Amino acid sequence: MKPDNLETQEEPNFFKWAFKYAATAGIAGIICCVAPAVLFMFGLMGGIYAISFADFFYAEDGSIGTGSWILRGLAVIIGVYGIYLYRKKQNQCSMDPKRKKKNLILMILITVILGLGIFLSLEKWSSWYFDEHIVPAQQEEYKQMELQE
C-alpha cells in the first residue's frame, strides 16, 4: 500500500520535449529574418527598415555576420538546454536504463532534425518573402523619397 503523500513521477514525453525545444531553437536561430518579414507582413514596418533590420545580422557582401552567428549559437544553446532538462527530468523517474538511453537518443535526434528543419524552412521562406515583397517595397519607398526631394 502506498502512502497518500508520495507523488508518482510520470515519464517525460520525449517527442513533446524535442518539439518544444527544437521549435524554440529553430526560431531563435533565424529570428533576424523572420521578425522583419512578419512585421512587414502586418504593415508594422516598411521595406527600408525591414531590410536594414536584417542587414544588422549580415555582412555587407550578404554573408553571415556576427549577429547571425550569435543567434545560431543561442539556438544551439537552447537545444542543448532542452536535452539537459529532459535528461534531468528522465532521471527522476524509475525506468529501465536501456529505455532511458533509447529515449535520450531519440530526443537528441528529433531535436536536431526538427530544429534544423524549422531553421532551414524559415530561412528559405524569409529569403523568398524578402525577394518577392520586401525588396520591391524598399525600392518603391526609395523612389518616393527621391520624388519628394
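I83 is buried, because its relative accessible area is 17% and buried means under 20%, with exposed over 50% and partly exposed in between, for a 1.4 Å probe and protein chains only. This residue belongs to helix α3, which spans residues 66-91, where helices are DSSP runs of H or I with at least four residues, and strands runs of E with at least two, numbered from the N terminus. From C-alpha to C-alpha, I83 lies 8.1 Å from T111, although 28 residues separate the two in sequence. The model is a predicted one, in which local features need pLDDT of at least 70 and side-chain atom pairs count only at pLDDT 80 or more, while totals for chains, interfaces and linings use all residues. Residues are numbered from 1 along each chain as its sequence is written, and side-chain values use heavy atoms, with hydrogens and water left out.

The axes of α3 and α4 come within 11 Å and cross at roughly 155°, the axes being lines fitted to C-alpha atoms, for helices over the stretch in contact, with angles that run from 0 to 180 degrees between N-to-C directions. That angle makes α3 roughly antiparallel to α4, since angles over 145 degrees count as roughly antiparallel, under 35 as roughly parallel, 65 to 115 as roughly perpendicular and the rest as oblique. In the loop between α3 and α4 is Q92, which counts as partly exposed because its relative accessibility is 46%.

By class, the contact of α1 with α4 has 28 nonpolar, seven polar and one charged residues, where Ala, Val, Leu, Ile, Met, Phe, Trp, Tyr, Cys and Pro count as nonpolar, Asp, Glu, Lys and Arg as charged, and the others, Gly among them, as polar. Helix α1 passes α4 in a right-handed crossing.

Two residues of α4 can be followed in more detail. L122, placed in helix α4, is partly exposed, with a relative accessible area of 22%, and its C-alpha is 7.8 Å from that of I27, 95 residues away in sequence. S126 is likewise placed in helix α4 and is buried, with a relative accessible area of 2%.

Aromatic rings come next. Rings of Phe, Tyr and Trp (its six-membered ring) pair if their centres lie within 6.5 Å, and planes under 30 degrees apart count as stacked, over 60 as edge-to-face and the rest as tilted; by this rule the count comes to eight aromatic pairs. The rings of F40 and Y129 have centres 6.2 Å apart and planes at 70°, so this pair is edge-to-face. The pair links distant parts of the chain, with F40 in helix α1 and Y129 in helix α4, 89 residues apart. Both F40 and Y129 are buried, and one aromatic cluster is formed by F40, W125, W128 and Y129.

Terms used: A crossing is left-handed if the near helix is turned anticlockwise from the far one by less than a right angle, and right-handed if clockwise.
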